[in-house]
Amino acid sequence: MALVKLEDFYPNYQEDSFELDDIKKFDVYANRNERVGSLSDILVDEQTGNFRYFVVDTGFWVFGKKVLLPVGLADIHYTEKHIYAKGLTKEQVENLPNFDDLEKVDYDYEERVRGVYRGSLTTSDITQPAMYDRSTYNYEQEPSLYNIDNHDKQSLKLYEERLVANKKRRKAGEVKIGKHVQTETARVAVPVEKERVIIERVNPTDTKPSNPQNAFHDGEVARIEIYEETPNISKEAVLSEEVRVNKVVDTDTVEASETVRREELDIDSEGLPVVEKGNKQ
């Protein structure tokens, strides 16, 4: 079960596969959010050509150490250019033997690697007995460590833009309501009374001669006081009107339009049959 590096087994991989051309540039993450290093190489089974290990350069996570990650524990995301190491912990990396020379990778070395990862597998992941024989061991005995099927289960995310309608409150204006004094001429009609003297001359009924001494009196005057009414105009303030100021909210619908983008799937099957599944409307 000799292992070789990818470029030694498949010298033209960079020209023949766009996926493999970039995979050695992928970053490696643990627990879906913690970057633990980058992929520095891939080890291939010399007999079958199957991937067996990813060589992970842990960089500053565990400074200066390269370790082997069985491909079955790697979740490859080509679109994100990420490899997610399932269940990988810093403690595991510290317990893994350092990878610095391919010549040192023999059965005993691999058993040390497998022993670290076997401890993290659940019972449902272990499909073979715990004891392995050096002379008969093959990678197919531990599919949980060496089976890789992500190549046929890639995900391509299609995005689209949608209009999001929000509202914000802004000052549209201000209505000022005040009062001022306006002057005008008002007219009022007031009936007034005025007294006047009426002099009426009539023929006397008694024409008997009078005593001359009683008849002539020089300077005799009859006085009558004459009165008249004059208008007395004054002003007083009275409440003529009350103005109540309030506001109400009118609801209206405003329509807006904008150009949005949507990604559509392009399929180039080169004449091969392709079946699309899904319930997207």
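A contact here means heavy atoms within 4.5 Å. The model on display is predicted, and the tour starts from one residue and its contacts.

**First stop: Asp 41**

Select Asp 41, which is found in strand S3, residues 34–45. With a relative accessible area of 8%, Asp 41 is buried, because the limit for that class is under 20%. Next, display the neighbours of Asp 41: leaving aside residues up to four places away in sequence, Asp 41 touches Lys 5, Leu 6, Glu 7, Lys 24, Tyr 53, Phe 54 and Val 55. Keep Tyr 53 and Phe 54 selected, as both of these contacts of Asp 41 return at the next stop.

**Second stop: the aromatic pairs**

A pair of aromatic rings is described by the distance of the centres and the angle of the planes. The structure holds six aromatic pairs. One of them joins Phe 51 and Phe 54, an edge-to-face arrangement with 6.4 Å centre to centre and 80 degrees between the planes. Phe 51 and Phe 54 are both buried.

Which parts of the chain does the pair tie together? Tyr 53 belongs to strand S4 (residues 51–57) and Tyr 146 to helix H6 (residues 143–146), so the link is between parts 93 residues apart in sequence. Tyr 53 and Tyr 146 are both buried.

Side chains of opposite charge can pair when their charged atoms come close. The count for this model comes to 14 salt bridges.

Begin with Asp 100 and Lys 104, whose side chains meet at 3.8 Å, N to O. Asp 100 is exposed, at 53% relative accessible area, while Lys 104 is partly exposed, at 49%.

Move to helix H5 (residues 107–118), where Arg 114 and Glu 111 lie three residues apart, about one turn of the helix. The closest N and O atoms of their salt bridge are 2.9 Å apart. Is Arg 114 buried or exposed? Arg 114 counts as buried, at 0% relative accessibility, whereas Glu 111 is partly exposed, at 21%.

Then select Glu 161 and Arg 261, which form a salt bridge at 2.8 Å, N to O. Glu 161 lies in the loop between H6 and helix H7 (212–215) and Arg 261 in the segment after H7, so the pair ties together parts that are 100 residues apart in sequence. Glu 161 is partly exposed, with 32% relative accessible area, and Arg 261 is exposed, with 62%. Return to Arg 114 and widen the view: salt bridges that share partners join Glu 110, Glu 111, Arg 114, Arg 118 and Glu 142 into one network.

**Last stop: the largest pocket**

Rolling a probe the size of a water molecule over the atoms shows where empty space is left. The largest pocket has a volume of about 990 Å³. To centre the view, select Lys 168, Arg 169, Arg 170, Val 249 and Asp 250, the closest to the pocket centre of the 20 residues that line the pocket. Colouring the lining of the largest pocket by residue class gives nine nonpolar, three polar and eight charged residues.

Key:
Residues are numbered from 1 along each chain as its sequence is written. This is a predicted model: local features need pLDDT of at least 70, side-chain atom pairs count only at pLDDT 80 or more; totals for chains, interfaces and linings use all residues. Side-chain values use heavy atoms; hydrogens and water are left out. Rings of Phe, Tyr and Trp (its six-membered ring) pair if their centres lie within 6.5 Å; planes under 30 degrees apart count as stacked, over 60 as edge-to-face and the rest as tilted. Buried means under 20% relative accessible area, exposed over 50%, partly exposed in between (1.4 Å probe, protein chains only). Helices (H or I, at least four residues) and strands (E, at least two) are DSSP runs, numbered from the N terminus. A salt bridge is a side-chain nitrogen of Lys or Arg within 4 Å of a carboxyl oxygen of Asp or Glu. On a 1 Å grid over the protein atoms alone, a cavity is a set of points where a 1.4 Å probe fits but cannot get out, and a pocket is an open set with protein on both sides within 12 Å along at least five of seven lines; lining residues have an atom within 4 Å of a point. Grid points are joined across faces, edges and corners, and a volume is the space filled by probe spheres set on the points. Ala, Val, Leu, Ile, Met, Phe, Trp, Tyr, Cys and Pro count as nonpolar, Asp, Glu, Lys and Arg as charged, and the others, Gly among them, as polar.
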